[in-house]
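Thanks for coming, everyone. Let me put the structure up, and then we'll walk through it.

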Amino acid sequence: MEDNMNLVPTVALRGLVVFPGMLLHFDAAREKSIAAVKEAIDKGDELFLVTQKDTAIEEPTFGDVYKMGVLVRVRQIIGIPESNNIRVVVEGDCRAMLKRGIEDDKCLYALVERRPEKGYAKNRQDYAEALVRKARDIFEQYSRFTPKMSPDVMIRVITDDNPGAIADYIASVIAIPFASKQKILEEQHPITRLEKMCEILSSEIQMMELEDKIAAKVEQAVDDNQREYYLREQIRALSEELDGEGSADEIDTYRQKINSIEHISAKSREKFLRECSRLQKMGNGSPAESTVSRNYLDTVLGLPWDIETRDKLDLIHARKVLDADHYGLDEVKDRIIELLAVRQLNPDVKGQIICLAGPPGVGKTSIAQSLARAMGRNYARVSLGGIHDEAEIRGHRRTYIGSMPGRVMSAIADAGSRNPLILFDEIDKMAADIKGDPSSAMLEVLDPEQNKAFVDHFVEIPFDLSQVLFITTANDKNNIPRPLLDRMEVIDLYSYTADEKFHIAKKHLVPKSMARHGIDKTQLKVRDSAINEIIASYTREAGVRELERKIDKISRHTAYNIVTKTNTTNVIGAKELEAILGAPKFKDKVKLKNEVGVVNGLAWTEVGGEMLKVESTLMKGKGDLELTGSLGDVMKESARIALSFIRANAKKYKIDAQFDELDIHIHVPEGATPKDGPSAGVTMTTALLSALTKRPVDGTVAMTGEISLTGKVLPIGGLREKTMAAYKAGIKTVLIPKDNVPDLPDVIDVVKENIKFIPVSTLDEVFKVALI
């Protein structure tokens, strides 16, 4: 029994009874109630909700509440504007009996005993089914007297076969005194509970039938005009008495805002006005529904339906802004300038959606911010990484508690104009699961033929997205679904060269870091030699994020010296770096030497190009092929093709080995890093042939390319990134597939000046150059 006992924070509810399995919200205003909710959130604990016997008591004790309550999980808390109150969304877990109360100055605690749902004997199964059917019939009769009841309520009752759960659900949705609901809560046997619920429903039906008869007699006795006048005056009097004059003013304000919107259809305006009328009729009699309606109106009227910024299409100004914020990236800048030029000639042009694809830290996000500043547009960023629910894009339907607009409409609201620049960051990292595929929802957002009438599930009114300028970013465009990629123009951003990193650091990173740390030019000077040393010996990345972190570390060191008056004028050169940044991580370029069975391969990753040494060795065995280094399926297939080619052409290459008596092991170092891709075939074949013939491989040669079983070298992708990696490693010669020769103009000039490229179409040409 002690295992079922819990000491949990407690909230006493006024006029509200919570049932297990129910999802609902309530407003907490008492300090002890707010403290109890926050403690449950902080500790990840359950919260005990129990109903007061007398709603007039402001500070209840445990003697003022019922013994039976419900343990709930807090799902969400929302601050209520212009008050200290909070709105709490909870989900009922199970019944619990109050055993002992502890009244703390901070909040109420209760030692409670969990009361799980009881079962019933098998011989009562038929009776339980009959009782469930009877309860459905009675509830259907009851629903005829309450036309405002949602159809979802009836569906829930029809589809649930658990007598206890049906009794709990019906008690939670019908309007009966909370004392009657408490009786249902206190009954633990499911069949008895449903029997009591049926008795209450039958009594309520009789009462409503009597009310209908009285109302019919009154209507007959009153003239139509008098009745209309009487009802209107009664509604007005009740509204003023319950809500005050502020409620009527609020409705008038909503109507004025709706009528002032220009860019909506008459049908949409009519829907907004109907919602206003619905809110006015509710008054304070339905606080939950009126809150949902008020929240909806506040949200949709807060959208910038008519607010539009004027584009700045000055090409010279735009070029200055882009050059001031970014060094290099000429291809991206040229495409942006072309975009502005087209908009000068045709301001209504549609379909200009750009995807910036490249490694992390190369300026994809910041270039979008610069474009927004150059055009004079408001800017909003939407992070799509990890999104797996379609509702994140299209919004949640208003039938759900805590529903809200999707990220697209939220970004529009945050931007404050109907034609902002919206950046969809990490569009290649969306996921799909049972809740839907967000990439499919993005098809409508990014399609200029469809987004002119985009309907968010929460807003429920078409919103024109055709004036929005969408920019997306991705690390790997191959991860973007093909239909979505087809709607965007992809611009590739490549790794920075050492020279580009130097200019970026000197022109942007160092001044920004000094400004962030409160350091002026007289207090710190970073010499060019220090910047070059950081790039060469402390960082090895495609972008400049790690470089920025190293510069920030220098700024922090300088700030400490200034505050402690250790040194007020800091001059940082290459010699001073080790004392600040520690020992260099990358002292020299990779040592290149001629080895048997070791070949320099080139790979492309999401963070840029990389040079990998592929190793192979032979040992006595049974003809097994061992592959290590966290290789993916594609690389494993390349290794098997390589071995099959060597075995099929053993005589040609004068290989005397008996393959059935040898085990072959191929390894790619850095085994903790997963590797995969279709460009390792040439490298693996060369490593195998070198190991079998004992001929060393030229250490100054690197290669990339896939192979076929007939020995043909097939084309690959990512040539620019791979050759950059070879250049950084000090490689002198790179073998590339002959079909990739058209890609050589994309290779950076400094790489082409220092590396000799040899196109090959067969493995024989590879062996001729690589093997010594």
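How many salt bridges does the structure hold? It holds 44. By salt bridge I mean a side-chain nitrogen of Lys or Arg within 4 Å of a carboxyl oxygen of Asp or Glu.

Some ground rules. This is a predicted model, where local features need pLDDT of at least 70, side-chain atom pairs count only at pLDDT 80 or more, and totals for chains, interfaces and linings use all residues. Residues are numbered from 1 along each chain as its sequence is written, and side-chain values use heavy atoms, with hydrogens and water left out.

Now some of those salt bridges. Take R516 and D552. Their side chains meet at 2.7 Å, N to O. R516 lies in helix α18 and D552 in helix α20, residues 545-563, so the pair ties together parts that are 36 residues apart in sequence. Helices here are DSSP runs of H or I, at least four residues; strands are runs of E, at least two; both are numbered from the N terminus. D552 is buried, at 13% relative accessible area. R516 is partly exposed, at 48%. The cut-offs: buried is under 20% relative accessible area, exposed is over 50%, partly exposed is in between, with a 1.4 Å probe and protein chains only.

Next, K652 and D764. Their closest N and O atoms are 2.8 Å apart. This pair links distant parts of the chain, 112 residues apart: K652 sits in the loop between α22 and β20, and D764 in helix α26, residues 763-770. D764 is partly exposed, at 33% relative accessibility.

Salt bridges with shared partners join E46, R73, D93 and R114.

One more pair, R156 with D160. Here the closest N and O atoms are 3.9 Å apart. R156 is partly exposed at 31%, whereas D160 is buried at 17%.

Which buried residue has no salt bridge, with R720 as its nearest side chain of opposite charge? That is E500, and R720 is 5.4 Å away. For charge, Lys and Arg count as positive, Asp and Glu as negative; His and the chain ends are not counted. E500 sits in helix α18, residues 498-516. Beyond its neighbours within four places in sequence, E500 contacts Y327 and S495. Contact means heavy atoms within 4.5 Å.

On to the sheets. Strands of a sheet pair through backbone hydrogen bonds, either parallel or antiparallel. I call two strands paired if DSSP finds at least two bridges between them.

I354 has I471 in β12 as its bridge partner.

Look at A368, in helix α13, residues 364-375. A368 is buried, at 1% relative accessible area. Past the residues up to four places away, A368 touches Y379, L421, L423 and I471.

Now the antiparallel strands. β3 (47-51) joins β4 (68-79) through three bridges. β4 also pairs with β5 (86-103), over 11 bridges. L71 links the two pairings: L71 is the bridge partner of F48, and L71 stands opposite C94 in β5. β4 and β5 form a hairpin with six residues between them, and E82 in the turn has a positive phi of about 60 degrees.

Last, the cores. A nonpolar core is a set of buried Ala, Val, Leu, Ile, Met, Phe, Trp, Tyr and Cys residues joined through side-chain atoms within 4.5 Å. The largest has 53 residues, and L47, L49, F139, L194 and M197 touch the most other members. Helix α6, residues 190-221, gives the largest share, eight residues. A second, separate core has 49 residues, including I337 and L547.
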